[in-house]
Amino acid sequence: VSFNSALTAGPVCPSESSVPPGEMDVYTANCGIDGFARVSILVYDSRLESISSTAPSQCLSSSSGGVLAGYYSYLLPCALSCPSNLPTCSHGEAILRTDNTVELSSSFVEFGSTVEIPYSESSSVSLQFSVEEKCGWDYKQGDQLYFRVGSKYLEAGDYSYGIQEVGSGEFVIDTFGSEQSMITLVTKSTSPTRNTFTLEIPDDYYFATNRLVWGVKMDSTSGGCIDVFDVTVTSLCKPACSASVLEEGDFIYGVTGWSGEAVVQATFGSTHILGRLGAADDEEGLVQKTVNVDPVSEFTEVELVLAVLKENSVPPIDVKFTVVSEQGPAPELVLELNTNDDNTGTKVEGITAWTVYTGVNSDGHFTFILNAIVPNTYYSAGILTIGVGWETNDSFNKGAFGIVSYKFSSACTEPKGARKLDGDVSVGGIGERGYSEDGEDDSYYCLAQDYPCDGDDDYVHVCHYSARLGYQTFCIPESDSEVLRFYSKDYCGPCIGGFTA
């Protein structure tokens, strides 16, 4: 790139020997006395024929042995009419939605894209896309997927054509980076050849330029290929209020506040646990905890640190998590504790829960974290009661498993990470149409039979308003129309009048 530098007040020609797809660099050029900056972009590639143009003298050392294959010159005005402020962040609004398909194969192994994040006060973005495995894709033959965020390449995991790696109604969570700038990857399998990936990306990766660079790269030795499609980028705004810890504790000094048939406190080295979890002898058990919560918060987050005593028991084992419902029988979620680094989760009746293996502690015991997100429909009176226990397993010593510590926190905004999958991961929840036990219609907000559009049988027309683009008509799955309940200007059916489509 050739220009007069604003820093050195002279001609410069910075270069990059390899530019990944979608990469965007920022340079500052000096303006001429006529109010324009003169910028040239030169492309060197030994595989292409040389053009007749001669590079500026300051760029002659940038060829890296290649030939000059492209030369582009621009006259850029220095006085631009740009808005002084970015639009206010609109939580959950789709910044980008496209159904274009990109095929990656041995002749085209990587694609990249730069997405403008047009909002101020954006705390993170959700990037969701689907990948279809084709051409006998098989990780056992060395085929591997990578997801790019900025300059980072994240290893997506092991996938093979014809194998559904994640069970129906479940998801797998992976995290990358430090706690301060952590990227969360949520994976679902929608068929034996198709997976949907959702990346939550903090603003560390785009706040400097308000641009997010992302992409997908494949590495195949078996001739495998993939399709990438259904890309959606959604804004997640900084909360107007801050979450708070409601109650937390451990069992060093006893088990006050927990109830069950056989709640006991036991010590194994420096590991203090709430043991037996309500079980008498070899029976299944359940211990309970009741906390006062904020009735106006949208969700309450539960975090339990669990320990399996290594000398007595070996995972995997199944753990039960339940919530005492104000409306009727408690929904029950069964989660597996395993040591193979798979963070597994599920969702039942609006409650999302997952487990994470955190390693072996100083006493040599397996440790895990059980996370659960409980919506406020379960504590409208300000009281939440949870239960924790296990599934019967003859090889499992019931006295060798317990809770090390607990924490309850309120969430005053729509959750992030795995929690935002309200309409995506569902077992009898929002993702299924039907009728409740009391006969109330539980169908989606907009129905395809009323407002059909091109697409599958369950796709529906909706009209969505954004401050940046006005009213726009979209064709979306019926299940996605549930979000319209939270936007006062949106409605079912195509936009009426002179609005863009």
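Predicted model: local features only at pLDDT ≥ 70, side-chain atom pairs only at ≥ 80, totals over all residues.

Q: What makes strands E7 and E14 a pair?
A: Two strands pair if DSSP finds at least two bridges between them. Seven bridges join E7 (residues 110–116) to E14 (residues 211–219), and the two run antiparallel, with Thr114 opposite Val213 in E14. Strands here (E, at least two residues) are DSSP runs, numbered from the N terminus. Residues are numbered from 1 along each chain as its sequence is written, and side-chain values use heavy atoms, leaving out hydrogens and water.

Q: How do you know that E9 pairs with E14?
A: Strand E9 (residues 144–149) and E14 share six bridges in the antiparallel sense. Tyr146 stands opposite Lys217 in E14.

Q: What makes the charged end of Lys217 sit over the ring of Tyr153?
A: The rule asks for NZ of Lys or CZ of Arg within 6 Å of the ring centre and within 35 degrees of the ring normal. Here the charged end is 5.5 Å from the centre of the Tyr153 ring.

Q: Why is the pair of Phe129 and Phe147 called edge-to-face?
A: Ring centres of Phe, Tyr and Trp (its six-membered ring) must lie within 6.5 Å; planes under 30 degrees apart count as stacked, over 60 as edge-to-face and the rest as tilted. These centres are 5.0 Å apart with planes at 90°, so the pair is edge-to-face.

Q: Why is Ser57 called exposed?
A: Exposed means over 50% relative accessible area, buried under 20%, and partly exposed in between (1.4 Å probe, protein chains only). Ser57 has 60%, so the label is exposed.

Definitions and conventions. Helix = DSSP H or I, 4+ residues; strand = E, 2+ residues; numbered from the N terminus.
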